[in-house]
Amino acid sequence: MTSVRPRAGDDTTRHTPSARRAVRDGSRGAASGTPVRPATRKRMAGRTGRIGWLLVAPALFFYAAFVLWPLIQGVQYSFYDWNGIGASTWVGLSNYLTVFTDPDLLGAIRNAFILIAFFTVIPVVAGLVLATLIRSIRAGFFSSLSQTVLFLPQVIPLAAAGIAWSWMYAQTGAVNQILGWIGLGGLARPWLGDYQTALPAVGLIGSWTLTGLCTVLLLTGIGKIDVSLYEAARLDGAGWWREFFTITLPGLRQELAVLITITIIAALSSFDIIYTTTLGGPGRATLVPGISIYRIGFTQSEVGLASAFGIVLMILVLVVVLPIQRLSKVRDQ
């Protein structure tokens, strides 16, 4: 092994590659230990911000083009009397006054709030019960099978679900046949053609489609709860009801807030199921804002009134949903 020695009279020292690497690494370490100047820090932050905006620019473009711009146009159209083709006439708040004074439109809003009981209350309560029962079964084939079967209605398109249920609700459909088999044939009727049962029948379709989603999401939330809490409750002699109200429900606050928000929006903006089953009938028994907006805008060619009703519907959704979100956050804090 040879070593490099300095010559006599030579002021420079020759280093081996490893020595040069050590010197370079040492200089890097010294440089990294040096505090960054404010100007350099500001320049680095600006560069990071530009890169971030560049990454989100495509998403912002599509969001602005397909969400914000149509919303702005809808607000603009709501102040005009326009048929969608010819000249428009400024009417101010006249369209909004029509929304809040027309009995048919107010009836559609009332029906939408009635559907909250079927789209929100029933699925969430049923989801809580089913999720608790499935959790008690623990992991296994039956648990996985039950989750899959319950979630299947959520995968089926709402239009297809509406068509299938309209067949089952018919006079000779599966519902009336089952009632006849169990000795309740006197209750058989055309469920979607009766003024008294049409809206509840449509609401039960929504309950059927949303129960699986509620069950799976709540089951996931229960899995996040610390098992030691249940064990401590059992040692204290707590029963099923006490465990449910003192551990399960508080631990599912966030999941419940999400589900209530989703299901309320589904109830107030329902369209697919009702369009494929009743078209708002019989009469106006199942008329909801979505069907009304469709009829006013595309059948009656009153784009301004349809836009005003759409804006009112959006505000109603926000008025109902935002307090729920705020309440859930306040309780968490």
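**View 1. Ile-274 and its surroundings in the predicted model.** Leaving out residues up to four places away in sequence, Ile-274 touches Leu-115, Val-202, Leu-279, Gly-280, Thr-286, Val-288 and Ile-291, where contact means heavy atoms within 4.5 Å. This is a predicted model, in which local features need pLDDT of at least 70 and side-chain atom pairs count only at pLDDT 80 or more, while totals for chains, interfaces and linings use all residues. Residues are numbered from 1 along each chain as its sequence is written, and side-chain values use heavy atoms, with hydrogens and water left out.

**View 2. The nonpolar cores.** The largest nonpolar core has 27 residues, and those with the most contacts inside it are Leu-115, Phe-119, Tyr-169, Leu-268 and Ile-274. Such a core is a set of buried Ala, Val, Leu, Ile, Met, Phe, Trp, Tyr and Cys residues joined through side-chain atoms within 4.5 Å; buried means under 20% relative accessible area, exposed over 50%, and partly exposed in between (1.4 Å probe, protein chains only). Helix 4, helix 8, helix 11 (253-268), helix 12 (272-277) and helix 14 (303-332) each supply at least two residues of this core, and helix 4 gives the most, with 6 residues. A second, separate core of 18 residues includes Leu-128, Leu-219, Phe-244 and Leu-256.

**View 3. Helix 10 and the helices that cover it.** The expected span of a helix is 1.5 Å times one less than its number of residues, so the 12 residues of helix 10 (residues 240-251) should span 16 Å, in agreement with the 15 Å between its end C-alpha atoms. Within helix 10, Glu-243, Phe-244, Ile-247 and Thr-248 are buried. Seen down the axis of helix 10, its buried residues fall within an arc of 125°, so they line one face of the helix; the arc is that of the directions from the helix axis to the C-beta atoms. An α-helix has 3.6 residues a turn, so residues three or four places apart point the same way. The cover over the buried residues of helix 10 includes helix 4 (103-137), helix 8 (198-224) and helix 9 (227-235).

**View 4. Helix 11.** With 16 residues, helix 11 reaches 22 Å from its first C-alpha to its last, close to the 22 Å expected at 1.5 Å a residue. The buried residues of helix 11 include Glu-255, Leu-256, Ala-257, Leu-259, Thr-261, Thr-263, Ile-264, Ala-267 and Leu-268.

View 5. Thr-197, in the loop between helix 7 and helix 8, is buried, with a relative accessible area of 12%. Apart from neighbours within four places in sequence, Thr-197 is in contact with Arg-189, Pro-190 and Trp-191. Ala-170 lies in the loop between helix 6 (158-168) and helix 7 (174-181), and counts as partly exposed at 30% relative accessibility. Although Ala-170 and Arg-189 are 19 residues apart in sequence, their C-alpha atoms are 7.9 Å apart in space.

**View 6. Confidence along the chain.** The mean pLDDT of the protein chain is 84, and 83% of its residues reach 70 or more, pLDDT being the predictor's confidence in each residue, from 0 to 100. Confidence is lowest in helix 1 (residues 17-33), at a mean of 46, and highest in helix 3 (residues 94-101), at 95. Over residues 25-33 pLDDT stays under 50, and the model has 0 contacts beyond four places in sequence for them. Helices (H or I, at least four residues) and strands (E, at least two) are DSSP runs, numbered from the N terminus.
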